[in-house]
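Visitor: Please take me through one part of this model in detail. Keep it brisk, and give the cut-offs with the terms.

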Amino acid sequence: MKTLKDILYKVHIEAVTGDTTIAVRELVFDSRKVQLNDVFIAIKGYEVDGHSYIEKAIKAGAIAVICEEIPKNIINGITYVQVDNGSSALAVMASNYYGNPSENLKLIGVTGTNGKTTIATLLYQLFKKAGYKVGLLSTVKILVDDKEYKATHTTPDSLTINSYLQKMNHEGVEYCFMEVSSHGIHQKRTAGLVFQGGIFTNLSHDHLDYHDTFAEYRDVKKKFFDELPKEAFCLVNIDDKNGLVMMQNTKAKKYTYALKTYADYRAQILENRLAGLLLKINDNEVWTKLIGSFNAYNLLSIYATAELLGLEEIEILRLISELESVSGRFEYFISKNKITTIVDYAHTPDALKNVLETINNIRTGNEQLITVVGCGGDRDTTKRPKMGNIASTLSTKAIFTSDNPRSEDPMTIIEAIEKGVEPQNYKKTLSITDRKQAIKTACQMANENDIILIAGKGHETYQEINGKRSDFDDYKIAKEILDNLNE
Ligand SMILES: CC(=O)N[C@H]1[C@@H](OP(=O)(O)OP(=O)(O)OC[C@H]2O[C@@H](n3ccc(=O)[nH]c3=O)[C@H](O)[C@@H]2O)O[C@H](CO)[C@@H](O)[C@@H]1O[C@H](C)C(=O)N[C@@H](C)C(=O)N[C@H](CCC(=O)O)C(=O)O
Ligand SMILES: Nc1ncnc2c1ncn2[C@@H]1O[C@H](COP(=O)(O)OP(=O)(O)OP(=O)(O)O)[C@@H](O)[C@H]1O
Ligand SMILES: N[C@H](CCC[C@H](N)C(=O)O)C(=O)O
Ligand SMILES: [Mg+2]
C-alpha cells in the first residue's frame, strides 16, 4: 500500500493537520463510495460542493481528507490536507497512486469540437496495423490493446483515466490515443498526465450550456495546449480560424496542417466519391475508404501524427488506405443491389446539416437521399423543429421516427420535429414511430444507387423507450433488412 505522503508528491499543498505517513487504500471523490482507509477528495462540483460531504466520508471510513478549506470541527486521528484546487490535486494524486502510468507510454490527446472520436480511433487502428500494442480512451469505448471496456464519458475522471493507463502499462501498450473534451480540460481530468502530443481539430459553437461564452469555450481548449511540455508536439488545423490561437502560448513543438492554406502538412482532395477519397498528402497520392471532405482533415492529422511519432511515410500511406470507418461515425455499407447506407451519430441540427451537406456534395446524379431521423426525449426540445427542417430540406425524402424517447411520448417528439418542415417539403416527409419500421420503409423505398442516412444514434446499441433499454443497432438492423430484401 502507498502512503498518503507518496501520493501527495508534487501536489500544491497549503496546510496539513495530522499524519501523512499513513497507508491508504484508495482515492475517492464521492462520499457514497468511501470505504475504510480511503482518502476522500472534496471537489467543488457543478451541482454540489463535495466539502459538504466530508463528515459523511469520514463516517464511511475515510482516514484522510483533501480539501480547499479545512473544516472548523476537525476529528482526531483524521489527516486533513488543504490544497488550492481539489480537482488539480485529484489529478496529480491519481497519477501518483497508479504509478504515473502516462510517463510509461506515448500519450496523445485529441481536442476540438468535431472529429475527436474519429481521429483517436483511426490512430488506434493505424498503430495496431503497424504492429504496436495500443490503447484508446474514446466516447465510444475504451481499449487496452485488444481488451474492450465500456466508456461513460468522452474524457473520464482522472482516477479512471489513470487506472486504464496503468492497465495499459501492464499490457505493454506503447501508444495511447485519447479524446480530450472541453469538460475534461475544465474539470482538470487530464491535469497531471504527461502528453507526447496534442491535436486540435476545429472549433464551432457547442456546449454553450456549460461554458458561458464561445471565448471561454475556446480558452478552455487552448489551456490543453498551454500545458503541453516542451518535448511534446502540438499539431493544429490552421484552416480553422482558432488554430493559431491554440498554439499561441504552448511550449510544445508547433506543427500545422491544412487543406486550404500553407502548412507543415498539406493535403488536397483529388476525388471525393461514395467509394472513398483520393488524397494527395505531401506529394503522395492515397486512396481511402473513408468518405466526406471533413475526413480529409482527419486523415491528414493522422498522417502527421504518425510521422511525428516516427513511422515511415510510405508505411503510413499504406496503412491509411486500409483504415475502416469508425463505428457510428459516417459508417457505411453498400448492399448487393447498390444501396449505400450511412449510419451517423449526428444528433444536433449542426451535425445533421454537416452530414447531409457532405453527402449531397458526393452525390453524382439523381440518386435519392433518404434520411431516417428522430430526436432524443428528455433533452433539448428546441432542436426538434430545426432538425425536421434540415432533414426535409436537404434530403429527397425524410422519415421521422423515434431516437431514444426516454420518458417522453414518442409521437409528441415527432410532432415537434414535423413543425419545422416548410410547406413545400410536406410531401417529402413521413413519420413512423417504430424506428425499425422506419428503417425498413427507407430500405423498401430505395432503388439502386440511392443513399440512406440513418442519423442520431450512431454507435449506440440500445433504444430507450419509457425508461427501458432494449437492444437496437441501426447498422445491424439496416444491414439485415437490406440483405434479406436482396434475396
Ligand atoms: C457537468 C459535468 O461535467 N459533471 C461532471 C462532474 O460532476 P459534477 O461537477 O456535477 O459533480 P457534483 O454532483 O456537483 O458533485 C461534486 C462532488 O461532490 C461529490 N459528492 C456528491 C454527492 C454526494 O453525496 N457525495 C459526494 O461526495 C461528487 O462525487 C463530486 O466529486 O464530475 C463528475 C465526476 O468526474 C462527472 O461524472 C460529471 O459528469 C456528468 C455525469 C456528465 O454528464 N458530464 C458530461 C456533460 C461530460 O463530461 N461530457 C464530456 C463530453 C462532452 C462532449 O464533447 O460531448 C465528456 O468528457 O464526457
Ligand atoms: N474533422 C471534422 N470536421 C467536421 N465534422 C466532423 C469531423 N470529423 C467528424 N465530423 C462529423 O462530426 C460527427 C462527430 O464526429 P466524432 O465523433 O469523431 O467527433 P467528436 O469530437 O468525438 O464528438 P463528441 O464530442 O460527440 O465526442 C461525425 O459523425 C461526423 O459527421
Ligand atoms: N450526449 C448526447 C447524445 C444524444 C444521442 C441521441 N441518440 C439521444 O439519445 O438523444 C445526449 O445524451 O444528449
Ligand atoms: Mg467523441
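Guide: Start with the annotation. An unreviewed UniProt entry places a "binding site" feature at R379, D403, N404, P405, R406, G456 and E460. UniProt positions use the numbering found here, feature names are shortened, and annotations may be inferred rather than shown by experiment. The model is predicted: local features need pLDDT of at least 70, side-chain atom pairs count only at pLDDT 80 or more, and totals for chains, interfaces and linings use all residues. Residues are numbered from 1 along each chain as its sequence is written, while chains are lettered from A and ligands numbered from 1 in the order in which they are written.

Take G456. It sits in the loop between strand 22 (451-455) and strand 23 (462-465). Helices (H or I, at least four residues) and strands (E, at least two) are DSSP runs, numbered from the N terminus. E460 lies in the loop between strand 22 and strand 23. G456 is buried because 27 other C-beta atoms lie within 10 Å. E460 counts as buried because it has 20 other C-beta atoms within 10 Å. The cut-offs are 20 or more other C-beta atoms within 10 Å for buried, 12 or fewer for exposed, and partly exposed in between, with C-beta atoms placed from the backbone.

Which residues does G456 contact, leaving aside neighbours within four places in sequence? They are A346, H347, V373, G374 and D403. A contact here means C-beta atoms, placed from the backbone, within 7 Å. D403 carries the UniProt "binding site" annotation too.

Now the ligand. H347, G376, R379, D403, N404, G456, K457 and E460 surround ligand 3. Such a residue has its C-beta atom, placed from the backbone, within 6 Å of the molecule. By class, the shell holds no nonpolar, four polar and four charged residues. Ala, Val, Leu, Ile, Met, Phe, Trp, Tyr, Cys and Pro count as nonpolar, Asp, Glu, Lys and Arg as charged, and the others, Gly among them, as polar.

Next, the surroundings of ligand 2. Its shell has 21 residues, the closest being N114, G115, K116, T117 and T118. Helix 4, helix 9 (294-308) and helix 11 (349-362) are the elements that give two or more residues to it. The shell splits into seven nonpolar, ten polar and four charged residues. From the unreviewed UniProt entry comes a "binding site" annotation on G112, T113, N114, G115, K116, T117 and T118.

Look at two of those positions. G112 is in the loop between strand 6 (106-111) and helix 4 (116-129). T118 is in helix 4. G112 is buried, since 27 other C-beta atoms are within 10 Å. T118 is buried, with 25 other C-beta atoms within 10 Å. Not counting residues up to four places away in sequence, G112 touches F200, T201, N202 and L203. With its neighbours within four places set aside, T118 contacts N298, V326 and R329.

One more annotated set. The unreviewed UniProt entry gives "binding site" for S31, T154, T155, S181, Q187 and R189. They spread over 159 residues of sequence and up to 25.4 Å between C-alpha atoms. T155 lies in the loop between strand 9 (147-150) and helix 5 (158-171). S181 lies in the loop between strand 10 (175-179) and helix 6 (182-186). T155 counts as buried, with 25 other C-beta atoms within 10 Å. S181 is buried because 25 C-beta neighbours fall inside 10 Å. Outside four places in sequence, T155 contacts E179, V180, S181, H183, G184, R189 and T190. On that basis S181 contacts T154 and T155.

Finally, the whole chain. It has 15 helices and 24 strands. Its radius of gyration is 24 Å, close to the 23 Å that the globule rule gives for 487 residues, so it is as compact as a globular protein of that length. That radius is taken over C-alpha atoms, and the rule is 2.2 Å times the number of residues to the power 0.38. The C-alpha trace spans about 75 × 55 × 40 Å along its principal axes. Buried residues make up 49% of the 487.

Technical notes:
Contact = placed C-beta atoms within 7 Å.
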